[in-house]
Each structure stands twice: as structure tokens, then as C-alpha cells.
Amino acid sequence: MRLVDVHCHLESEYFSETLPSIIDEAAIAGIVKLITSSITPPEWEVSAKIARTYPSVECALGVHPWYCSADDIPLLDRLREARTMGAVAIGEIGLDRKVSNPPFDLQMRIFEMQLLIAREVDLPVVLHCRGAFDELRSLLRKYGLPQRGGFIHSFSGSAEIAADFSRHGMSFSFGGALTYRNSKKKEEVLRLVYPDRFLLETDSPDIPPVEARDMPNVPANILYNLKAASDILGIAENEIAETSTTNAVHIFGLDI
Ligand SMILES: [Zn+2]
């Protein structure tokens, strides 16, 4: 069984001492690739270095809506070199109306710039979107996704939103929230996006599954997320693993 954790943060200080064993455990769990996403410009070099050090890790470079500041604007130009820096995606980028700071108009400005750069360098986008699906939809109508596509990680929207975004070429990844097998809405969304637009993630060190609630979450816990997806969809774990891995290979152009 081969799995790809399409969204995690191996740069996190939680992993500063333990990264080699975290990556070994991920391999034992069947993870053949991990896509680690930076959240601030100073992290870009850290992400790139982790990807250079571990053959199973690839990186995404970007500025997360929670951590953006006006000072980042002149630095975004450097993302045009993302491919040279070894990145397979631009991320984690996006919009979040559920936080009052940074101000939403700044989030919009920084996200729009990064979306345009991703289109220009033709890398897929790793998106964070909470409470701002309307604004994201307008930007997608205006510009479209990069040709390679992209996905909304830890997708929390409705099936209707998922259907709408799918028409723009969007994929969706699911993580620890799946393990709280409690929602009709989640089931509807999964049924809608599976198989073609479905990806698996952990968002480590965040969003631990219910079976391993202690922080930090680790990529090997993707097996709980896979099991939950299998329970919800009534499809064998092996099949879901292979499908989501094929989708990830396609989006990121992975060589596995
Ligand atoms: Zn994240």
C-alpha cells in the first residue's frame, strides 16, 4: 500500500529533534511521499532543505493567511524561483475569515499575488480556506487555478461548494477531522469528490485523529484517516490509498 501525505508541516519545532524517526515511521506506515508546506518566507529555506535531505519529502513554498504581514509583499517575488528552490507546489496559501487578524484585505492581497505567481510558474496550489469560499470562488473565476491544479486542504465546506470548485479543477484533501465519524455533511462531500478529486493528509503537527489525540500529530497517523475514509465510503483501504496516491502523483508530478 502506498500513501502520500499531501499536507504537513515538518518545519514545525515539534519535529526539530525527532524528524528522522518521524520520517522513518511514515515510511513504515506506507507513506512514499510527504509534501511539507512552509507558512512564512523565513521557512522557505527550511522546507527546501528538508526536501533536499529526505528523498521521501517534497516541499511547497508560500505564506499562510494566519501569518502574513505587509512586510512579506516585497519578498513574494522570490516565489518565482520556487521551482529552482526545489518546490513542487505553492503553499500553504489562502484565505481565512474566521480569524480577525491579519486583516482580511491583507490576506486577499497576499493570496492573490501568490495565486498569480503559481499560475505563472505553473505549480499547483496548497490552499487553506475557512469562511471565505465566496471570495476564493471570485478569484478562481477571475484567474483560474494554475494548469497543474491544486487542492483545498482539510476541506470543511459543503458538497455544493465542493461541486462548484471541482468545476474549476480543484481537488480536496482530508485529514484528522474524518476520524470524528459524526457528520452527514462530511459523508456527502467525500462521496462527491471521491475518487477523482480526493487526497489524504495529516496537517502534522496539527489536527490529530481522535485515536491519537495528543499533539503533535505525526504523518504515520494518516492510517487512521485512511481507515475513517474507508468506513465512511465503504471502500477498501487499499483501493482508497492507491486512488489518492495516483491523484497526488498527478497534481504534484511526483516520481514514485
Ligand atoms: Zn497546514
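Modeller: Let's start at the zinc ion, whose site is irregular, with angles of 83 to 167° among its four donor atoms. That label follows from a rule: four donors are tetrahedral if all angles lie between 85 and 135 degrees, while four are square planar and six octahedral if opposite donors are over 155 degrees apart and all others between 65 and 115, and anything else is irregular. The model is predicted, so local features need pLDDT of at least 70 and side-chain atom pairs pLDDT 80 or more, while totals for chains, interfaces and linings use all residues. Residues are numbered from 1 along each chain as its sequence is written, and side-chain values use heavy atoms, leaving out hydrogens and water.

Which protein atoms hold the zinc ion? They are His7 (NE2), His9 (NE2), Glu92 (OE) and Asp203 (OD), at 2.1 to 2.4 Å from it. A donor is an N, O or S atom within 2.8 Å of the metal (3.2 Å for Na, K and Ca), and since water is not among the atoms, a site may look incomplete. Along the sequence, the spacing of the donor residues reads H-x1-H-x82-E-x110-D. His9 sits in the loop between β1 (3-8) and α1 (19-28), and Glu92 in strand β4 (residues 87-96), so this pair ties together parts 83 residues apart in sequence. Helices (H or I, at least four residues) and strands (E, at least two) are DSSP runs, numbered from the N terminus.

Are these two buried or exposed? His9 counts as buried because its relative accessibility is 8%, and Glu92 is buried too, at 2%. Buried means under 20% relative accessible area, exposed over 50%, and partly exposed in between (1.4 Å probe, protein chains only).

Past the loop with His9 comes α1, where Leu19, Ile22, Ile23 and Ala26 are buried. Looking down the axis of α1, these residues fall within an arc of 95°, so they line one face of the helix; the arc is taken from the directions from the helix axis to the C-beta atoms. In general, an α-helix has 3.6 residues a turn, so residues three or four places apart point the same way. The buried residues of α1 pack against β2 (31-37), α2 (41-53) and β3 (57-61), where contact means heavy atoms within 4.5 Å. On the face turned away from that buried side, Asp24 and Ile28 are exposed. After α1 comes Gly30, with a positive phi near 105°.
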